[in-house]
Each structure stands twice: as structure tokens, then as C-alpha cells.
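Me: I am new to this structure and would like to learn how to read it. Could we take it step by step?

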Amino acid sequence: MERTTCLVVGGGPAGMVLGLLLARGGVEVTVLEKHGDFLRDFRGDTVHASTLTLLDELGLGPAFEQVPHQDVDKIEALLDGGAKATIADLSRLPGPNKRIAMVPQWDFLDLLADAGKLEPTFSLRMNTEVTAITKSGNKITGVKYRDRVDGHEGEFTADLVVAADGRGSILRAAVELPVHSFGAPMDVWWFRLPRNESDSVKGGAGRFSAGSALVLIPRGEYFQCAFLIRKGTDRAVRAEGVEKFRERVVTLIPWLADRVNHIKNLDEVKLLDVKLDRLRRWHVDGLLCIGDAAHAMSPVGGVGINLAVQDAVAAATLLAKPLREGRVTGRTLAKVRGRRLFPTVAIQTVQRVIHRLFLGRKLDSTETVSSTGMPLPLKLAQKLPFLQAVPAYVVAIGPRPEHAPDFARRAPQTIARS
């Protein structure tokens, strides 16, 4: 049996940020990640403006700039005839970071891991899969785990266990916290297509038309593509075959015709089962949920990572001292949800409105989004460009952005990459 003060389950953005910040606050923290590395395709790769500001505050800005990435400063809608309309102009954001950085999530997580290794109280355990929780009475005291390399099984005890293991959280399921589910009208197919320097799309762009939609996210030499389908139709659409799917892509964006043959088969197209929910309570005695484990977000706006990181910052700020002093109570844990509930509800409300009033209707419609038939807010934003700052702020910064606590701040530094 092993012991730590805070045990973080899940080495995603929320778990790694929380682990780093708590370690800088003098807390003994261990992060458990079930995979042997961070290399997973089609994970969220957006580092938002508020997260970039956080990295600056942590002294990691220079190190992040050394990681290959692409900056997005505009989000557009593609209209009929090749016309475009600007949805969000990030150059209008306040502060020094007027962009969203697109970076492979594994590079971002590796950077956080390397920064964590500089802290004597930080430990990261890879290939360590949590299999169950352990309890003493009604209090969560730790977890059971299995090493995925040699099959060794063991236990970790901790003063606090944090579930940062995503929307399929095994810990969230084990403690049966009540959840409020909202549903979603769509699922998403993720795939890649080559990108040419001559392509007119430089930032993020979306095309909505005739029962489907396609979002293009520029990623160096390729586009990361999100193709929206009606909820629950994955099997039926796959049954139509790859040729029909290529036709759907070209119908939406004709200038992709010269590269759709790069989709060899539909095995290359990965399904995201879209969920939108949040826990009514984020904790039980000895355990706290954050990030997607506390609130699964729609991919609309790509804000899930940003909210998860903000949860981690708030949790570290509120919990570092109580963890050091060994006095974490239910009231202390409830403060994390109290701090983060407003931004979670606000963003989910916006997503639900977009689902109901726009995406749901478009996926059930045969009408395209033309320059003359734009939704009223988008039409107003073209006539009054300063309005483009509103969606830019909601997406790139969000309500109630969190800042690094004083104990975690450092002067700008370079990080030796392992």
C-alpha cells in the first residue's frame, strides 16, 4: 500500500494542471495516468487565451512557445459561393493573448509533466489504471490500481482523491453522484484532410448545410475536421460507405474535392458520442470531481479543455492550504463547485441554446446557410464588427477566468523536455 496527500486520477489537462499547482503549493501529489504516454488522436488540442495567460503566470510561456503550434485569431462561417462571415475576432480580446493556440495535446501535457518533475512533491505514474475506490465507512480513502505493463495490483491511500478522468470517469460512476443530463442533437466524426498553403481558411471555420455540418481546424499540414451527424445515426451513415461520405464532404465544401480521396475507409473516421451534463454535487467525503468528470461539455466552441483547466486552478487555490494542514472537509470541497458552477452553467446554457435553436434545426433541415439567410446575430456581427468580440471572449477566455495563485507563480523559465 502506497500513500500520498492528494491523489489525482487522470493525466489530462485538468489533472496535470492540478498536480503541478498543488506541488508548487507544497502538497505531496501523485497523478495516475492509465496510458503509457499522452499520444491519443483527436483529443482536444486547443489552448485558449485564458490558459495561455495562466502559462505566463506560471513562468511557462517561453517553454510553450517552443512547442510547435498554430495560432487561430479568427473563427468564420463558410457560406454559399465561397463567401465567409466572421463569427469571432480574437484580435479584439483584452490582454496580451489574443489567440487560441492549436497544439497537439500530448505536447501540452508533456510540458506540464516536465514542469512537474521540477517539484519535489510531484509524482506522475504512467500505465497505472484505477480499478476501484477504497472506503472507510462513507469516506473515500484511496483507490485500487493495476499496472498495465506487468499486471501488478496495488492500493494508494490519500487524504483526497480527485477524479480528473474525463466524462467516462470510473470514480464518478463508483460513487454514484447525481447527474443532470441535457442531451445533444448531434454526434461528431473526427478525421484529417491535407491542408494547402493556398487554402483560404486560415483560422477555424465551419460550414452548415443540408442536414450536416463540417468544421475545419487548421493544424499545420492538415485540417482536423469535425463532421456533425444527427445523434445516434453513426451506424446508418457508416453503412452508406466511404464514397457517399466523400460526396457529403465535397457537397459542404467543394474545394476539398482534390483531397477527399485521402479518406481511404471509414475506419479512419472516429466517433465522438456527444454528451452534455453536469453533476448536481461534485464531491463526497474524500473525493472531488473536476473537468469532464464533473461536467461533460459539447464540442461547440471547443471550450471543454478551458473549463477543465480553470477547474484545476480553482481547486488548487482553494485546497492547497487545507491539504498541507490535513483539514480538508466537505465544506472545503463544496467551495470548488461553488466557485466554478456559474461559468459551467453559463457555458452549458449557451451550448444548449446553440444546440436547440441552430444545430438541431440545421441537422433536420435541407436549407443552406447563405449570405442572405444568415442568423440575425451573425448578420449583425458583419455590420457591427465590434460584436465579434463577444463570442471571442466567451470561447477564448470565458466567464470567471481563473489566475494562478501566488504560491504557484514563477519567473519566465525554460523547461528541459524529456
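Reply: Gladly! Accessible areas come from the Shrake-Rupley method with a 1.4 Å probe, and for residues only the protein chains shown count as cover. Here the protein chain has an accessible surface of about 17800 Å², with 52% of that belonging to carbon and sulfur atoms. Please note that this is a predicted model: local features need pLDDT of at least 70, side-chain atom pairs count only at pLDDT 80 or more, and totals for chains, interfaces and linings use all residues. Residues are numbered from 1 along each chain as its sequence is written, and side-chain values use heavy atoms, leaving out hydrogens and water.

Me: What share of the 418 residues counts as buried?

Reply: Buried means under 20% relative accessible area, exposed over 50%, and partly exposed in between (1.4 Å probe, protein chains only). In the protein chain, 53% of the 418 residues are buried.

Me: How many helices and strands are there?

Reply: Helices (H or I, at least four residues) and strands (E, at least two) are DSSP runs, numbered from the N terminus. The protein chain has 11 helices and 20 strands.

Me: Which residues of helix α7 are buried, and why do they line one face?

Reply: An α-helix has 3.6 residues a turn, so residues three or four places apart point the same way. In α7 (residues 242-252), the buried ones are Val 242, Phe 245, Arg 246, Val 249 and Leu 252. Seen down the axis of α7, they fall within an arc of 125° (directions from the helix axis to the C-beta atoms), so they line one face of the helix.

Me: What do they pack against?

Reply: Contact means heavy atoms within 4.5 Å. The buried residues of α7 pack against β13 (186-194), β14 (204-209), β15 (212-219) and β16 (222-230).
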